[in-house]
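Hi everyone, thanks for making time. I'd like to walk you through one chain today, so let's get it up on the screen.

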Amino acid sequence: MALLEVKNLDVRFAVRGGDLTALRGISFSLDKGERLGLVGESGAGKSVAAFSILNLIAQPGYIAGGQILFEGKDLAAMSERELRKIRGNRIAMIFQDPMMTLNPVLTIGTQMVEAILAHRNISKKEARAIALDRLQKVQIPSPEKRLDQYPHELSGGMRQRVIIAIALLLDPEIIIADEPTTALDVTIQAEIMDLLLNLCEQENVALMLITHDLGVVSQVTQRMLVMYSGRIIEQGPTREIINDAQHPYTQGLINALPQMGEPGARLFQIPGSMPSLKNVPSGCPFHPRCNFATEQCKQAMPEYVRSGNVAVACYEVANLIEQEKRMQEAES
Amino acid sequence: MTSPLVSIRALEKRFDLSGSLLEQITFEGGRFRRKQEAVHAINGVDLEVQKGEALCVVGESGCGKSTVARTVMGLLSPSAGEIHYGGQRIDNLDGKAALLYRRKMQMIFQNPYASLNPRMTIQQTLEEPIRFHHPDWSPTQVRDKIHEVMHSVGIDPDWGSRFGHEFSGGQRQRIAIARALAVDPEFIVADEPISALDVSIQAQVLNLLMDAQESRGLTYLFITHDLAVVEHFGTRVAVMYLGRVCELADTKNLFATPRHPYTQALLSAIPKLEDDRPNHIRLKGEVPTPVNLPSGCVFHGRCPYANERCRQEVPQLIVTDGGTQVACHAVEERRL
């Protein structure tokens, strides 16, 4: 059984003029110690997907359907009290902006001890020892000193290390990291990603990494989901998708990267931009931007088809696979 | 070689942190003392931008790359050094005399959500610079020009009566580009023009900038932290660290054979699609604050090759065999 299994998750936002569907039929699973990447552009719903796992979506958002099974128990149906035992304890989160997550008026030590005492019945002294141990694990120079410092005394990279240390405090099963390095410089980003990856491997923690950076996904994760307009359009092993993307959107996303283009030549570009939730196109939401779109694409959302180990929601890919099958049959 | 379009000479820029005279005075050990502090944003930068090229300036936050852009544009005045445009010194010109250069030099900013006036329609936004620089143009001429630039950036000219908030980020950046192109500039300073945009939109805007360069013969000073973009877009690259240029090279050379240890680390830190694991050169520590600059080479605290000379003496840019200019003692001494 998978550690976390999300089945047919629907998330909506109740706003004036009716509900907006932010997530539609999201299904995926995460095994123990596995690293999963969630990729997409702004507005694709990747952060909503991450937040809804711990039911952290604020009003007017709500989970409209589906299940989030963590060790067999449905988080979507849990009471707030039960959920609090899981949040930060079994499933930890790392957010994009470390300055927003750390309380500016409390020392690092106070914040860390507070988090431990919320879940464990131990003395403050023991809690402080755990905090110190985690700060050492994230390789912060002079960790004893840091415990008594305030967040503003640390640099951006250092703060994100503290956040990772806090996420590790209670030996979680899963860490959900929402764009953890987007606010940082490239060299610092590389160090933080390296650290996160090593820690997840050492402690056998599953990682759900939300990012828009395909390079990072390729370096860190084993499997990936590509999201577009609230749906998963492609999912499978990271290497397979990066090397041979099936969905036209994923292909476009990869080919649009400057590192894929000939230096000085025009870049591949996907026309248009991601639709807003207020007017999601009918059928496959990508069809207005897709070069392969047919009448069929405008009618209904395509089902997932398998291509190797990758699941893709695209009629064009389905047709290609169908053709290949027929050709093979004809040959034999 | 022909004379450069823009040349930046021994540029320095400090931002005073200490406030007024009264705020500077502190009482220490029974005596009054005057304490002055400044952020040393740029510490002696020499750059030349040749006509028709795209010179990229890269570096991490706080390295002074945006300050260079703003100083060149005259949005900030240099603490020392000179800016020349087409052979004429422009950093000391007053309003009237500077006007001509303001038309020839235009700027594109990072955040298209902040750089468009929310209370102006697109028509008004584009009209303003044209009317300002060409007061003698007839309304028809102005309208034709607006149509032309809107068309060239891929924004439907019929949308002129809309406001900035009605557009997406990518479209806004197109409008900001149209505004820069409206007065037929020769030289465009683009400060992180695609950093706030999504990947698929980045490609669109980058293509647009390259098309404009080709069709209008533009020269760019392109500021960015994204090295992958530089490899694609730049003719030459200047890598900055703590207010100094540490390497200046043709794009191809820089990516094929980076010489400066900082450039090497920076290049290795780009997450590449073919990587299965992060494999970057690990640097010690973090970027020091530009308030108290390190002595000698500004990079010595993090450099694996630093020796006593690096701690004492500031390295100057030297030309290497490949034509790359590097400011590094280790490269000069052939230790690297």
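Predicted model: local features only at pLDDT ≥ 70, side-chain atom pairs only at ≥ 80, totals over all residues.

In chain B, 4 strands come together as an open sheet, and if you read across, the order is 4-1-6-7. The pairing is antiparallel. At the edges you've got strand 4 (38-49) and strand 7 (88-89) of chain B, and each of those pairs on one side only.

Let's zoom in on strand 1 of chain B, residues 6-16. It's joined to strand 6 of chain B, residues 80-85, by 5 bridges, with the two running antiparallel.

Now, the helix pair. Helix 4 (residues 122-133) and helix 5 (residues 139-152) of chain B have axes that come within 10 Å and cross at roughly 120°. Because of that angle, helix 4 of chain B counts as oblique to helix 5 of chain B. The crossing of these two is right-handed.

Who's touching whom? Helix 4 of chain B brings Gln123(B), Leu126(B), Glu127(B), Ile130(B) and Arg131(B), while helix 5 of chain B brings Val142(B), Lys145(B), Ile146(B) and Val149(B). Sort the residues of that contact by type and you get 5 nonpolar, 1 polar and 3 charged.

That's my tour, happy to take questions.

Methods:
Residues numbered from 1 in each chain as written. Chains lettered and ligands numbered in written order. Pairing = 2+ DSSP bridges. Axes fitted to C-alpha atoms, helices over the stretch in contact; angles between N-to-C directions. Parallel < 35°, antiparallel > 145°, perpendicular 65-115°, else oblique. Left-handed = near helix turned anticlockwise from the far one by under 90°. Contact = placed C-beta atoms within 7 Å. Nonpolar A, V, L, I, M, F, W, Y, C, P; charged D, E, K, R; others polar.
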